[in-house]
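Keep the sequence and the structure in view while reading.

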Amino acid sequence: MPLTYKQKFNKKYGQPLNESNSLKEISDKTGFKLSGLQKIYNKGIGASRTAGISRPNVKSEEQWAYSRVYSSIDKTSKSYK
């Protein structure tokens, strides 16, 4: 089974794969601005409220929003290589 964006993040930063991170912790580890991560998070919350949660594994708006944050970090990190 492929790794989730959170698991990829945790692997990259030497944490247990399923450990959760706050936006502040993500910001500190990656160097991304906390305000930018908060905007991505809020867009994730809004998307889950308007479109509904369409993935069977996702159980909450917060989970959807964090997935968006981790996904954005993963995609942005790759574009800087």
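## Helix α2

In helix α2, the buried residues are L23, I26, S27 and T30. These residues span an arc of only 100 degrees around the axis, so they sit on the same side of α2. The reason lies in how a helix turns: an α-helix has 3.6 residues a turn, so residues three or four places apart point the same way.

Helix α2 covers residues 23-30. Just after α2 comes G31, which has a positive phi of about 90 degrees.

## The model and its confidence

The structure is a predicted model. The average pLDDT of the chain is 86, and 86% of the residues score at least 70. Among the elements of the chain, α2 has the highest mean pLDDT, at 96, while α4 has the lowest, at 83.

## The chain as a whole

What does the secondary structure consist of? The chain has 4 helices and 0 strands, and along the sequence the pattern reads α-α-α-α.

The chain has 81 residues, of which 30% are buried. Taking contacts between residues at least 6 apart in sequence, 39% join residues at least 24 apart.

## Helix α3

Helix α3 runs over residues 34-51, which makes 18 residues. From its first C-alpha to its last, α3 reaches 25 Å, close to the 26 Å expected at 1.5 Å a residue.

Which residues of α3 are buried? They are L37, Y41, G44, I45, A47 and S48. Seen down the axis of α3, these buried residues fall within an arc of 160 degrees, so they line one face of the helix. The face turned away from that buried side carries the exposed residues K39, K43, R49, T50 and A51.

## D74 in helix α4

Helix α4 spans residues 61-79, and D74 lies in it. Is D74 buried or exposed? Its relative accessibility is 15%, and a residue counts as buried under 20%, so D74 is buried.

Leaving aside residues up to four places away in sequence, D74 touches Y5 and K8.

Conventions:
Residues numbered from 1 in each chain as written. Predicted model: local features only at pLDDT ≥ 70, side-chain atom pairs only at ≥ 80, totals over all residues. Heavy atoms only, no water. Helix = DSSP H or I, 4+ residues; strand = E, 2+ residues; numbered from the N terminus. Buried < 20%, exposed > 50% of the residue type's maximum accessible area, 1.4 Å probe, protein only. Contact = heavy atoms within 4.5 Å. Expected span 1.5 Å × (residues − 1). Arc of directions from axis to C-beta. pLDDT = per-residue confidence, 0-100.
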